[in-house]
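Visitor: I would like to learn how to read a few features of a protein model. Please take them one at a time, with a case for each.

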Amino acid sequence: MKQKKAILPLQTLSLVLGFAVWGILSSLIVFIKDGIPLTSGQLSLVTAVPIILGSILRVPFGYWTNKYGARLMFLISFVVLLVPVFYISRADSFADLIIGGLFLGVSGATFSVGVTSIPKYYPREKHGLVNGIYGLGNIGSALSTFFAPILATQFGWRSTVQFYLILLIIFAIANFFIGDRKENKSSVPLMEQIKGIYKNEKLWLLCFFYFITFGSFVAFTVFLPNHLVQHFGISKIDAGLRTAGFVLLATIMRPVGGWLGDKLNPFKILSFVFIGLTIGGIMLAFSPSIMLYSVGCLLIGFCSGTGNGTLFKLVPLYFSKQAGIANGLISALGGLGGFFPPLMLSALLAITGHYAIGFMALSMVALCSLLLVLYLYWQDRVKLAEQIIQSTSQAVLVTNKKGIIINVNPAYTAVTGYTADMAIGQKSGFLKSGRHDKEFYESMWKGLKENNCWSGNIWNKKRNGEAFLQHITINAVQNDVGETNYYVGVFSEVDPTLAKLI
């Protein structure tokens, strides 16, 4: 039990180190370029390249975590990372930085380990919160951007990079001794898991949303340090502090977003997230001063962090049986979302002389995401209504205002013998038994139109020709302006000897 209590803090701290290592190049690039000549295009590529492998490996890392456990995945990852970190500390060319940075991406892939492992230890109603707490590991990027420039000023950037080797060894040992050796594992083949989710449109929409929210977080983390120095002329340490503030805010909001996802409708939260990202992108496109620029960045950090936490509440909700591969795929596309923007912004700067078009593109994509979130919210409500109808033990039929049947449930088929295909499209009175006169039905419809509901007993005829007595309640469903659009009838068969005919 004590070991299980240590899992969340251990894996969260492991992610802190993972993100700190992942951000080595971006946090030290302003020092590295003083010793290794880099063009603006090469500089953008060096800071973005760790994202490539860090994103691609998140898919197999999620699967391997389900198969082998988080303890082994963190242990192997930190041991493997010793090689590229040491290699970068000895780099003396652009090619060295690219090679070392590419394999540095292993550190970014560790994100998939915890989001796959940690929910196994907690009930579903806490998944948003615990994944959000694990997501606090993003603060590793802030720690790198804050402390690395300070250490580099004192000891040089090469010695600063080598300092990370000590941390990697410490955490490899910690995971070996403290990690859970008995974690629940899954041996479901990879292709079987992929087949179970790849046709689900919710998966790809969540991938797109995370591409925007986490992508903006990663992109600004690698983009801001050098941009603030070059564009606003502030000091390297000041730029590091401001970037650390952005990362810190986004990181703090991650568990808040997860907690809100547990308590409220996640789609409503995501709507506010993408509204904020839309406004933030517009502010950055037109902000003339560093103050307004800072406000826009902080708004994006606030919204991206909240969105990141909320989205990983939805993953175990929709993909509980394929959590590993779903987490890996969604987080992979989120990481790739941070790779392209710095390169795009660099290209736009070379072509136009400013970044406005790039930031406006962010706001437009966020606006499109808002529309897709509203679509998913509407679809969820429709699905809920459908599930309620289908699972109701009493027979249910839904008609339009003209009395044409548009939906029935399984209980309707059990009582009448008519399947949904047979009933849908028919007039609601096609079951008439002939035992009631015209005045009876006129009275029923009059009461329904006057009171928007009617309840009583009616003789109808089953598919096999047998007459049966049903007790039915009919309710009118009205729109916002009070117009009746649908009628819902709920009925059950009753014993004629126990019911008085109306």
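Visitor: Which ring does the charged end of Arg435 sit over?

Guide: To count, the charged atom has to be within 6 Å of the ring centre and within 35 degrees of the ring normal. In this predicted model, the charged end of Arg435 sits over the ring of Trp459, 4.1 Å from its centre. Arg181 is another case: its charged end is placed over the ring of Phe176, 5.3 Å from the ring centre.

Visitor: How many aromatic pairs does a search of the whole structure find?

Guide: The search finds 26 aromatic pairs. To read one, take the angle between the ring planes: over 60 degrees is edge-to-face, under 30 is stacked. Phe176 and Phe177 have ring centres 5.0 Å apart and planes at 90°, so this pair is edge-to-face. Phe176 is partly exposed, at 34% relative accessible area, while Phe177 counts as exposed at 59%.

Visitor: And Phe217 with Phe246: is that pair stacked or edge-to-face?

Guide: Stacked, with 6.3 Å from centre to centre and 15° between the planes. Phe217 belongs to helix H15 (residues 201-232) and Phe246 to helix H16 (residues 236-263), so the pair ties together parts 29 residues apart in sequence. Phe217 is buried at 1% relative accessibility, and Phe246 is buried at 1% as well. Both rings are members of a cluster linked by ring pairs, which also includes Trp22, Tyr134, Phe220 and Phe359.

Visitor: What should I look for in a nonpolar core?

Guide: In soluble globular proteins, nonpolar side chains tend to be buried together. Here the largest nonpolar core has 102 residues, and those with the most contacts inside it are Val21, Val85, Phe209, Phe220, Phe274 and Phe359. Helix H15 gives the largest share of this core, 16 residues. A second, separate core has 22 residues, among them Phe440, Tyr441, Ile458 and Ile474.

Visitor: Which residues does Phe274 touch, not counting residues up to four places away in sequence?

Guide: On that count, Phe274 touches Phe209, Ile212, Thr213, Ala366, Ser369, Leu370 and Val373.

Visitor: Where does H7 bend?

Guide: The bend is at Leu82 and is about 25°; a proline, Pro84, follows within four residues. Pro84 is one of the buried residues of H7, as are Arg71, Phe74, Leu81 and Val85.

Visitor: Last one: is Thr65 buried or exposed?

Guide: Thr65 is buried, with 0% relative accessible area. Its place is in helix H6 (residues 58-68). Apart from neighbours within four places in sequence, Thr65 is in contact with residues including Ala70 and Met73, which are also listed among the buried residues of H7. Other contacts of Thr65 include Ser112, Thr116, Lys120 and Glu183.

Note on methods:
Residues are numbered from 1 along each chain as its sequence is written. This is a predicted model: local features need pLDDT of at least 70, side-chain atom pairs count only at pLDDT 80 or more; totals for chains, interfaces and linings use all residues. Side-chain values use heavy atoms; hydrogens and water are left out. Rings of Phe, Tyr and Trp (its six-membered ring) pair if their centres lie within 6.5 Å; planes under 30 degrees apart count as stacked, over 60 as edge-to-face and the rest as tilted. Buried means under 20% relative accessible area, exposed over 50%, partly exposed in between (1.4 Å probe, protein chains only). Helices (H or I, at least four residues) and strands (E, at least two) are DSSP runs, numbered from the N terminus. A nonpolar core is a set of buried Ala, Val, Leu, Ile, Met, Phe, Trp, Tyr and Cys residues joined through side-chain atoms within 4.5 Å. Contact means heavy atoms within 4.5 Å. The bend at a residue is the angle between axes fitted to the seven residues ending there and the seven starting there.
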